[in-house]
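I opened this entry to keep track of what I looked up in the model and in what order.

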Amino acid sequence: MNIISKNFFDLCISTITFFVCGYSFSTNAQGGVIGRSNFFTAGFDRKTILDWFYKYSLCSASATIVSGSLAERTYVDTYILFSILMTSVIYPIGSSWVLGGGWLDEIGFHDAAGAGYIHMLGGICGLVGTTLMGPRTNIFSKSLVSKASSHKLYRRRPLAHKFKLSA
């Protein structure tokens with residue numbers, strides 16, 4: 001399964017799971033660890049729907065960060081289960097700490113548009129997934145590796161030498 005397919009799965013799955021329970025866990029933490037808001041966006045006004053969309057876009061971005069580190073290590077069903085877990089529990093808890101009024105927000109932590117904690121969550125989940133899955137196997141044969149290590153690399157000349165510049 002290629003990265004584009006995994007990112008598409010992340011987008012579809014994160015939409016459903018963040019709508020069902022992710023937003024409720026990522027909002028209104030009141031200095032705690034997990035948020036307490038309405039499930040299924042019940043009773044939301046326009047401002048809250050914009051907040052949902054903002055946090056949803058950060059949620060789907062954090063899930064797609066992991067897809068590269070798990071490339072060629074997992075089966076499709078395993079990756080879909082991970083994506084459900086990431087977008088319904090892992091990301092919403094981290095988001096509630098920073099953007100949902102959680103304990104990090106209470107001690108004065110500020111993040112520029114979610115850039116720090118999104119990449120931290122994605123990187124740690126990728127590291128944990130890579131550690132659990134192990135190395136990519138059966139991708140390179142020993143003959144390809146030995147040919148690649150003994151192959152001379154030649155630098156290609158730029159195409160600019162074929163064109164004559166005139167005034």
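**Confidence and ground rules**

I am working with a predicted model, in which local features need pLDDT of at least 70 and side-chain atom pairs count only at pLDDT 80 or more, while totals for chains, interfaces and linings use all residues. Residues are numbered from 1 along each chain as its sequence is written, and side-chain values use heavy atoms, with hydrogens and water left out.

I looked up pLDDT, the predictor's confidence in each residue, from 0 to 100, and found a mean of 79 for the protein chain, with 81% of its residues at 70 or more.

**Helix 5**

Helices here are DSSP runs (H or I, at least four residues), numbered from the N terminus, as are strands (E, at least two). I checked the length of helix 5, residues 115–133: its 19 residues should span 27 Å at 1.5 Å a residue, and its end C-alpha atoms are 27 Å apart, which agrees. The expected span is 1.5 Å times one less than the number of residues.

I then asked which residues of helix 5 are buried, taking buried as under 20% relative accessible area, exposed as over 50% and partly exposed as in between, with a 1.4 Å probe and protein chains only. They are Tyr117, Ile118, Leu121, Gly122, Cys125, Gly126 and Gly129. These residues cover an arc of only 160 degrees around the axis, which puts them on the same side of helix 5; the arc is that of the directions from the helix axis to the C-beta atoms. They pack against helix 2 (46–69) and helix 3, whereas the face turned away from the buried side carries the exposed residues His119, Leu127 and Thr131. Just after helix 5, glycine 134 takes a positive phi of about 85 degrees.

**Serine 95**

Serine 95 lies in helix 3, residues 76–98, and counts as buried at 0% relative accessibility. Leaving out residues up to four places away in sequence, I found that serine 95 touches Ser26, Lys55, Gly100 and Tyr117.

**Aromatic rings**

My search of the whole structure gave 11 aromatic pairs. Rings of Phe, Tyr and Trp (its six-membered ring) pair if their centres lie within 6.5 Å, and planes under 30 degrees apart count as stacked, over 60 as edge-to-face and the rest as tilted. Tyrosine 23 and phenylalanine 44 form an edge-to-face pair, 5.3 Å centre to centre with 70 degrees between the planes. Tyrosine 23 lies in helix 1 (residues 3–26) and phenylalanine 44 in the loop between helix 1 and helix 2, so the pair ties together parts that are 21 residues apart in sequence. Tyrosine 23 is buried at 3% relative accessibility, and phenylalanine 44 is buried at 16%.

Phenylalanine 25 and phenylalanine 39 also pair edge-to-face, at 5.7 Å and 90 degrees. Phenylalanine 25 is partly exposed at 22%, as is phenylalanine 39 at 41%.

I noted one aromatic cluster, with Tyr23, Phe44 and Tyr117 among its members.

How values were computed
Contact means heavy atoms within 4.5 Å.
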